[in-house]
Amino acid sequence: MTVEFPPNTSIGRNALAVLASLQLFEDLEPAALVAVAERVEWFCLPGGTTLFEQGDEADSLYAVSSGTLAAYRNGPDGRRLVGRIQQGETVGENALLSGARRTAAVIALRDTELMRFSKSAFDHLAREFPSAMLNIARLTVARLERSMRLETPRVSSRTFAVIGNNAGVDAREFASNLSRELAPLGRTEVFTRDTASQHTSVWFNEIEARRDFVLYVADPSSLAWTRQCVAQADTLILLADAREDPGPWPGLDTMGAVNPIARNAELVLLQRRIIRPGTAKRWLEHFPVAHHHHVRSREDIGRLARLITGNAIGLVLSGGGARGFAHIGVIKAIREAGIPIDHCGGTSVGSIMASGVAAGWGTSMLINRHRRNFVDQNPLGDFTLPLISLASGRRVTRLLRREVGDVDIEDLPLPFFCVSTNLTQGETNVHRSGPLWHALRASVAIPGVLPPVFHDKQILVDGGVLNNLPVDVMREFGRGRIIGVDVGSEHSLVACDDVDETSVFGRLQLIREKRAPNILQLLLRAGSLSSRLATATNREQSSILLTPPLDGIDVLDWKAFDRALEAGYRHTLQRMPEIRAALERDRRGVSV
């Protein structure tokens, strides 16, 4: 459904000025701009409405005058968000130029004012003003280059509707606190029913053009104002008291506004100092939004502000056995530098280290717990009859359950993920929900060394088999900058030439002298070779890549705890000026 603008609206009177402000037409000569203005169609697309579907014939290109569109692409796991089109940006020119069908579906995240330029009008412009095509061609090539570099557009929002679940949730106070945390990121304005309900969408659009962020505070006593807030918002912030039973947000069920495909929604669970186990799972069962957040303090609101605006800093930690102790040194240096870690993830030992960050462990706790679990006792020392693995895995399971308990991933203070390899499907599994210990156990299940995890008739093993540095997983979230830490890529095995000619006792001597690898080293190395190409690609996708020098530290050298930690710490300190510069450059949208 579309709504045509009356000819006497401000957009109709100022069509030339609006067109000239669009990047697509900013370099056109006046005669060409007039030709475009005579042939464009202006209309409004209500929030949640589809502009076109993936596979549709390309008959027009569109430019956004105000509002926000979202592009979704169909895949094996359903529709995936691939980017947003905001004020001044265009969509559809690639397919229009190539004659191919639409490669993605495009939906209005909010009420969006659009300009439509048809194929016939486009062809006329090309004939009459061939030079006008240069700018369109440049934009198309730039988008193609981003696609070839495997870049994922940052998924950021500028306008938000803050909606309380019931009258007991103080949306105004929350919006005020969120506004303070958004202020360092840009000019922010808060609108409530009392201050702005008498204005029209045209007025709001003009205000939004002069602000970086706008918060609209819904009022459960006014369906009309709540509807206005939803119509103006790129993102819905759904506030709920974690102690309450899940229930609908007033008025939103009649708007279809919490449909996670049609609208972008963030669930915010207000906690009381501690996170109540199971609360996230209960709410997500009723409202399966893509992202949720636990808020207990100002620090949590600051992290939320960075995440929802695409200004977050993510940390991705690779696998690498005992070399993974360097991750602790990296974390220590980052924290001492005052750089916030807003969300994290990893593979194998990196997933264990990242889970401690997500759980809110301090640096001393990270050091003490991991020293106890890896140095004081060998986690792979419970050898068994090697029917499916050399170790029974019971010791690793016991250690994981002791350290993380029965907490679910959804209940961690920071957003967290880890990856395992699904041998049944031959693909990477991303764990973002369910018991934390179970996900970690799957992520560290080195083939041949530890038994696989059997779950839902699937066989799960170490994530490093296919993806040892899952930066690509975090980049799909589109939340901002990413620090990738790779401690596995430099590791290699060497052996003397005559190992195969040596007796059993001779081989034992060579292994003791480190002139030949043992069976655990061979299995560890063989289990990660297939992920080398993915790791190389993911290293390039990091905003900043850290590779601590770990020469001489073997993947099974648990006694190298302090050396590896110190190497990670010193390497990060040395790179700190570069880290700060890269993160700041990427925050401004410059490719790193």
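Buried means under 20% relative accessible area, exposed over 50%, and partly exposed in between, with a 1.4 Å probe and protein chains only. At 0% relative accessibility, Cys418 is buried. Cys229 is buried too, with a relative accessible area of 0%. The structure holds 0 disulfides (pairs of cysteine sulfur atoms within 2.5 Å).

This is a predicted model: local features need pLDDT of at least 70, side-chain atom pairs count only at pLDDT 80 or more, and totals for chains, interfaces and linings use all residues. Residues are numbered from 1 along each chain as its sequence is written, and side-chain values use heavy atoms, without hydrogens and water.

Now the sheet. Six strands, in the order S11-S12-S10-S13-S14-S15, form an open sheet with parallel pairing (strands are DSSP E runs of at least two residues, helices H or I runs of at least four, numbered from the N terminus; pairing takes at least two DSSP bridges). Strands S11 (188-191) and S15 (291-295) are the edges, each pairing on one side only. From one strand to the next, the twist averages 20° (axes are lines fitted to C-alpha atoms, for helices over the stretch in contact; angles run from 0 to 180 degrees between N-to-C directions).

Strands S13 (residues 235-241) and S14 (residues 264-270) run parallel, joined by 7 bridges.

Helix H10 (residues 223-232) touches S10 (159-164), S11, S12 (213-217) and S13 (contact means heavy atoms within 4.5 Å). The direction of H10 makes about 155° with that of S12. Helix H11 (residues 279-286) touches S13, S14 and S15, and its direction makes about 145° with that of S14.
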